[in-house]
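User: I would like to learn how to read the features of a protein model. Could we go through some of them one at a time?

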Number of protein chains: 2
Amino acid sequence: MSAAKVFIDHAKEPLFSEPSIYKSDPERYERDWVPKIKAYNDALKSAMPKEYLAPSTLYPEDLDAAPFNATTVPEKVLDEKSLQITNMTATELAKKIAAKELTASETILAFIKRATIAHQLTHCAMEILFEDGIKRAKELDEYQEKYGKTIGALHGVPVSLKEHYDYAGRVTHGGFVGCLDRVSEKFSVTNQILYDLGAVFYIRTTEPQCLMHLDSINNITGRGRNAYKTSLSPGGSSSGEGALIGMRGSPLGVGSDIGGSIRSPAAFNGIWGLKPSTKRLSMARCFAPFEDTYPETIGCALGPMSNSVDDLELFMKNYVAAEPWKYDQDSLPIPWREVPTPKPSDLTIGIVYDDGVVKPHPPVLRALKKVEEDLKAAGVNVITWDSHKVYEAAEVANAAYTCDGNYSAFNRLSASGEPLAPLTEHYLTFGKGDKGLKTLELQFYTHTREVLRQEYLDLFNERGVDFIIAPTYVGTAPKTSEIKYWGYTSLWNILDATCVTFPTGVFGDKSIDLKDESYKPRNEYEAYEYGIYDPEASDGMPVGLTLAGRRYCEEEALKASKVIADILKV
Amino acid sequence: MSAAKVFIDHAKEPLFSEPSIYKSDPERYERDWVPKIKAYNDALKSAMPKEYLAPSTLYPEDLDAAPFNATTVPEKVLDEKSLQITNMTATELAKKIAAKELTASETILAFIKRATIAHQLTHCAMEILFEDGIKRAKELDEYQEKYGKTIGALHGVPVSLKEHYDYAGRVTHGGFVGCLDRVSEKFSVTNQILYDLGAVFYIRTTEPQCLMHLDSINNITGRGRNAYKTSLSPGGSSSGEGALIGMRGSPLGVGSDIGGSIRSPAAFNGIWGLKPSTKRLSMARCFAPFEDTYPETIGCALGPMSNSVDDLELFMKNYVAAEPWKYDQDSLPIPWREVPTPKPSDLTIGIVYDDGVVKPHPPVLRALKKVEEDLKAAGVNVITWDSHKVYEAAEVANAAYTCDGNYSAFNRLSASGEPLAPLTEHYLTFGKGDKGLKTLELQFYTHTREVLRQEYLDLFNERGVDFIIAPTYVGTAPKTSEIKYWGYTSLWNILDATCVTFPTGVFGDKSIDLKDESYKPRNEYEAYEYGIYDPEASDGMPVGLTLAGRRYCEEEALKASKVIADILKV
C-alpha cells in the first residue's frame with residue numbers, strides 16, 4: 001500500500017533545476033509601484049506635526065553627508081517638561097503614570113514632540129500614528145480616572161514598533177515595495193499583548209529591504225541615519241528603533257533579530273537591546289520574507305530595545321506574564337522566573353577580544369579592556385574567553401539564511417520588480433546564494449548547529465562561566481552599505497543564546513584609537529572589515545558590547561546586566 | 001566579497017541524483033554479523049536466571065502462534081511477597097522504600113523474578129542487567145542505612161529502559177545490526193538523571209528495526225509478543241516496554257515516540273504512557289537512526305510508561321526538577337508546574353469517533369462510547385470533536401519521516417547489509433520514500449505543520465475544549481507486521497501535542513464487536529486498516545485510548561487523566 005496523496009501537492013518540480021535569479025523590472029516598478037511609494041511617503045510627511053520640527057538653523061542641510069550628532073538637538077528645542085518626560089525611562093514613566101504624577105496624554109505628547117525631531121533628523125519612522133497615540137492615551141487616562149487603576153503594567157507608556165509586526169487596519173510591508181498593499185487584519189500577538197498591557201502606539205519604525213541588512217536602506221523610505229552621527233548607519237534591521245530610542249524619541253521599542261538586528265542598532269546608537277532565545281516572545285503575525293515556507297534552521301527572535309536595562313526587564317516580565325503561548329502555538333510556555341541580582345563576586349564573565357575571524361577595531365578593543373578592568377575592580381571574576389568555531393557558526397548561519405535558494409526573497413521582490421540595495425545583493429550571496437541547499441546539506445548544517453550548541457554549553461559549564469562579553473560588531477557604527485561580516489552577532493543566533501547589548505560609556509576617540517596599518521589580515525572577511533576602520537568616522541561614536549549567555553537565561557542575563565550597568569554607570 | 005569556505009564542506013554532490021535504494025547483502029551479513037547476533041542473544045539467554053522461569057507446563061509451546069494471555073502466568077509462579085511487590089505502582093514502591101517498609105534489594109529481586117517470566121513469554125528484553133540491578137539496589141540500601149535518607153525521589157524504584165538510550169559501557173544499537181559494536185561511553189542524559197534520582201536499572205527492552213514500526217521486529221532479537229495475547233503484536237517502537245510493563249515486570253519504563261511509539265505499546269498492552277511535547281525531556285545521547293544530519297520537521301519525544309497515572313507524574317515532576325537543560329542544550333527549561341486536580345465539571349473534553357480517514361474498529365468505538373457515558377455521568381462536559389485535516393497531518397508526518405530520502409536509514413542498514421523487515425520496507429516508502437524531499441518541499445510541509453498547529457490551538461480555544469479523547473489506533477493490538485496507518489498517533493507528533501494513553505477497562509468482545517462487512521471504505525488507508533479487523537483476534541484485548549491536549553500541558557494532562565482514571569476505575 002502506498003499512501004494516497006490527496007490534500008497536498010508540493011511537487012512543483014524541478015524546484016532547483018533553475019535557480020530563481022532575481023532581476024529587477026524598472027519599467028513595471030516605475031509604473032505600478034513608484035506612485036504607491038510616493039503616496040506612502042506623502043502620508044508619512046503629512047503626519048509630521050510642523051509645529052514640533054526643529055528649526056533648520058540647528059542642523060546641517062545635508063544630514064546624510066554631515067557628521068552631525070542629532071542627539072544634541074532635542075534639548076535645544078523642547079520645552080522643559082517635555083525634556084523631563086522624555087529623559088525618563090519606561091520604568092519611571094510607568095510608575096509616575098500609575099501614581100498619577102503624570103498622565104498618559106502628557107507623556108505621549110512629549111514623546112511625539114521628540115519623535116518628530118528624531119524622524120526629522122534620522123529618518124527613523126516608517127509610519128507615524130501620532131493621532132492614534134493621542135486618542136489612546138486619552139482613553140487610558142479616562143480609564144484610570146474612572147476605575148482608579150491602570151489597565152496594565154505598561155499603562156500609558158509610549159512603545160515604538162518596528163514596522164513588520166502586523167498592525168490592525170494598517171499596511172504592513174516588511175520593507176518590500178511589493179507588499180505596500182498588504183493591509184493587516186489584526187495586531188500581531190506581540191502588538192496585542194503590549195496593547196493590552198496599556199502601551200501607547202504612536203510610531204512604526206524603519207527596516208531595510210528584505211529585513212536582512214545590519215543597516216537601513218529600503219526602497220520605500222530610503223536610508224536611515226545614526227543618532228550620533230547622521231552620516232553613519234543606524235544599524236539594522238531594527239534601524240529605526242535604534243535611532244529613535246537613541247534620540248529618546250521612544251522610551252521602549254520592539255525589535256527583532258535573526259543575525260544581529262536588535263543588537264547592531266542598539267550598539268550603534270548607544271542604547272540597550274535584548275535578543276532573547278527564539279520562541280520566548282511571539283513572532284505570530286509578524287511579517288516575514290517567507291510566506292508559504294517555514295525555514296527553521298535559524299530563527300528570528302523578537303525583543304525589547306530601550307535606554308535602560310530596567311526597561312528591558314519591565315518589558316520581558318510583563319510580556320511573558322501575558323502567556324503568548326495561549327494564542328501562538330509556536331511560543332514556548334517558559335514562565336518568567338524571579339531571580340536574585342547577583343553580587344559582582346558571584347559572577348564569572350569571559351571576555352572575547354577576538355573571535356578568531358575578524359579582530360575588532362581599536363575603539364572596541366579599548367571598550368573591552370575598560371569593561372574588563374572596571375568589572376575586575378568591582379569584584380567580578382573575569383577570564384579571557386578563547387573563541388570557539390566562530391567561522392564555522394557563521395558559515396552555518398549564512399547557509400541557513402539562503403537555504404531556500406532565495407525563493408522567498410525572490411517572490412517578495414518580484415512582486416514589485418524593485419531594485420536591489422547593495423547590501424541585499426550581498427545578502428543574497430550568503431551561503432550558497434541562489435543555488436540554495438539540498439535537503440541533506442541543510443540537515444548536515446543543522447547537525448553542525450546542534451553540535452556547536454552542545455559544545456558551547458559544555459564550554460560554559462567546564463569553564464565555569466556565567467556570561468560572555470563580546471563585541472557586537474567589529475567596530476562602531478559603519479558607513480551606509482558597508483557592514484558585511486555578521487559573525488559577532490550571528491554566532492549567538494546559531495547558538496540561540498540570550499544576548500543583552502549594552503552601552504559601555506566608551507566612545508571612539510581618533511586621538512587614541514589609531515589604526516594599525518601594518519596588521520596582516522588572516523582571511524578575506526578580516527581584510528575587508530579591518531580595512532574599513534576609519535578613526536575619523538568612529539570619533540565620538542558609542543561602543544556597545546554584548547553580554548551573551550546560555551539559552552533561555554533572559555532573567556539571569558538581565559540581572560547580570562544590572563550589575564554591569566551599576567559598575568559602568570550606564 | 002564572497003564568504004570563504006574553510007571549515008565545512010558539505011558539497012557532496014549530487015546528493016539526490018541517485019537515490020540510495022537499500023539492498024541487503026546476505027553474504028556479508030551472514031559472514032560478519034550473524035555471529036555477533038548469536039553472541040548477543042547468547043548473552044541475553046545466559047543472563048536469564050533459570051530458577052525464576054515459569055514451568056513450560058504453564059504456557060503453550062508455540063507462543064508466537066497461540067492466543068495466549070501471558071499476564072495470567074506470574075500469579076501462578078511467583079511467591080506471595082514478590083507478587084505483592086510487583087503489583088505495586090512505582091509511587092507506592094518509592095514511598096515504601098523511603099519509609100523503610102521495603103528495601104531496594106527485595107524490590108529489585110521481585111521485579112527480576114517477574115521480568116524473567118515476562119521475557120520468557122513476550123521476548124521483551126534486549127539486554128538483561130539483573131546483576132547490575134542487584135548491586136545497585138544494595139548500594140542504595142547501604143546509602144539509606146548510612147545516611148538515614150534516600151538518594152532521590154526514585155530511590156530503589158526499578159526502571160526499565162528502551163534499548164536506544166546510551167548506557168555507559170554497554171552496546172547501544174537502536175535495533176540496527178550494524179551498530180552491534182557501538183559501545184556507549186556515557187549514560188544518556190535521561191539515564192543519568194534517573195540514575196541520580198535513585199532508579200535501579202536492570203533491563204533494556206526491545207524496539208523494531210529502524211525504530212520506525214508500530215510493531216516489534218528487529219534482526220537482533222526477532223519479534224516481541226503482546227502481554228495479553230502472545231500471537232499479537234506488542235506495538236512499538238517501545239515494544240519491550242509495553243509488554244514488560246503489561247506483565248508488571250517493571251513498574252516504570254522509558255519509551256520514546258515520534259509517531260506513536262509510546263502510545264501504541266501502551267494501548268496494546270493495557271498500560272499508561274505519556275508522550276510529552278518534544279524537548280521537555282532530554283533526547284541527548286539517545287541513539288537515533290540519523291547521525292551526521294539533524295532533521296527537525298518532526299521530533300521524537302521521550303516519555304514514561306507505567307501501570308498508573310500517578311507514576312507518570314512521579315516520573316515527570318522529578319525528572320524535570322533535575323533540569324536536563326543544564327546538560328543538554330536541546331532541552332527546554334520549562335519547569336514543572338504544580339496545578340490543581342480539576343473537578344469533573346471543570347473539564348470539557350472532545351471525543352473523536354472518526355478521524356475522517358479510517359473509521360475505528362468496533363471495540364474502539366465501544367470504548368469511546370463507554371468513556372463518553374462514564375465521563376458525562378460524572379459531570380464532565382463532553383462534546384464530539386469534529387476531526388480536522390488529519391489526512392493532511394499524516395501526509396506531513398510521512399513526508400517528514402523520510403525527507404532525507406532514507407539517507408540515514410540507508411547508512412545504518414548498510415553497515416551490516418541486514419535484511420529488511422516487512423514494516424521497514426513499508427516505512428521506507430513513507431512520503432516520497434527514497435526520493436526524499438527537496439529543500440523547498442520540506443519547507444512547504446513544515447509551513448503546513450505550523451498552520452495545522454495554529455489551527456488546532458485556535459480550535460481548542462474556540463471550541464472551549466481542554467482535551468480530546470481519541471483512539472490510539474484503529475483497533476486493539478494487531479497481528480505482527482500488520483499495522484500501516486499511523487494517523488491516529490502521528491497527528492499529535494505533527495502538532496507536538498501532549499498525549500496520555502490510558503487503559504479504559506474495555507476489552508474486545510467478539511460476541512458484540514461484530515464486523516460490519518458492508519462498510520464502504522473512503523480511501524486506501526481505510527480499505528486496508530478497516531479490512532484487517534478480526535473480532536476473534538481482538539477478543540479479550542485491552543482498548544487504550546489517548547487524551548491529547550495543547551503543547552506542553554503535561555501537568556494539566558496528567559491531572560485530567562487522574563480524574564478520568566477515578567471515573568473509569570483504571
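**Reading a buried serine and other features**

Analyst: The side chain of Ser277(A) reaches the backbone nitrogen of Tyr552(A) at 2.8 Å. Keep in mind that this is a predicted model.

User: Where is Ser277(A) found in chain A?

Analyst: Ser277(A) sits in the loop that runs between strand S5 (272-275) and strand S6 (301-306) of chain A. A polar atom of its side chain also lies 2.7 Å from the backbone oxygen of Asp496(A).

User: Is Ser277(A) buried or exposed?

Analyst: The test is relative accessible area, and buried means under 20%. Ser277(A) counts as buried because its relative accessibility is 1%. Residues up to four places away in sequence aside, Ser277(A) touches several others, including Ala301(A), Ala497(A), Thr498(A), Arg551(A) and Glu554(A).

User: Next, helices. What span is expected for helix H1 of chain A, and what span does the helix reach?

Analyst: The expected span comes from 1.5 Å a residue. Helix H1 of chain A, residues 26-46, has 21 residues, so 30 Å is expected; from first C-alpha to last the helix reaches 28 Å, which is close to that value.

User: Where does the kink in H1(A) lie?

Analyst: The kink lies at Trp33(A), shortly before the proline Pro35(A), and is about 45°. Trp33(A) is also one of the buried residues of H1(A), together with Tyr29(A), Ile37(A), Tyr40(A) and Leu44(A). Helix H5 (104-122) and strand S1 (125-128) of chain A are among the elements that cover these buried residues.

User: How do I read a strand, and which strands pair with S9(B)?

Analyst: Start with the general idea: in a regular strand the side chains alternate between the two faces of the sheet. Then look at the partners. S9(B) pairs with strand S7 (residues 348-351) of chain B in the parallel sense, over three bridges. With strand S11 (residues 542-548) of chain B, the pairing of S9(B) is antiparallel, over four bridges.

User: Now the records. Which residues does the UniProt annotation "binding site" cover?

Analyst: The unreviewed UniProt entry gives Leu211(A), Ser237(A), Ile258(A), Gly259(A), Gly260(A) and Ser261(A) for this annotation. They are spread over 51 residues of sequence but cluster in space, with a largest C-alpha distance of 11.1 Å.

User: What contacts join members of that list?

Analyst: Take Ser261(A), in the loop between strand S4 (252-257) and helix H9 (263-268) of chain A. The side chain of Ser261(A) makes a polar contact of 2.7 Å with the side chain of Ser237(A). The contacts of Leu211(A) include both Ser237(A) and Ser261(A). Leu211(A) counts as buried because its relative accessibility is 7%, and Ser261(A) counts as buried because the value there is 4%.

User: What is the phi of Asn406(B), and what is the phi of Tyr552(B)?

Analyst: Asn406(B) has a phi near 65°, a positive value in a residue other than glycine. Asn406(B) lies in the loop between helix H12 (390-401) and helix H13 (407-414) of chain B. For Tyr552(B), phi is near 55°, again a positive value in a residue other than glycine. Tyr552(B) is in the loop between S11 and helix H19 (554-568) of chain B. Asn406(B) is buried, with a relative accessible area of 3%, and Tyr552(B) is buried, with a relative accessible area of 4%.

How values were computed. Residues numbered from 1 in each chain as written. Chains lettered and ligands numbered in written order. Predicted model: local features only at pLDDT ≥ 70, side-chain atom pairs only at ≥ 80, totals over all residues. Heavy atoms only, no water. Helix = DSSP H or I, 4+ residues; strand = E, 2+ residues; numbered from the N terminus. Expected span 1.5 Å × (residues − 1). Bend = angle between axes of the 7 residues up to and from the residue. Buried < 20%, exposed > 50% of the residue type's maximum accessible area, 1.4 Å probe, protein only. Contact = heavy atoms within 4.5 Å. Polar contact = N/O pair within 3.5 Å; in protein donor to acceptor, adjacent residues only side chain to side chain. Pairing = 2+ DSSP bridges. UniProt positions renumbered as here; feature names shortened; annotations may be inferred.
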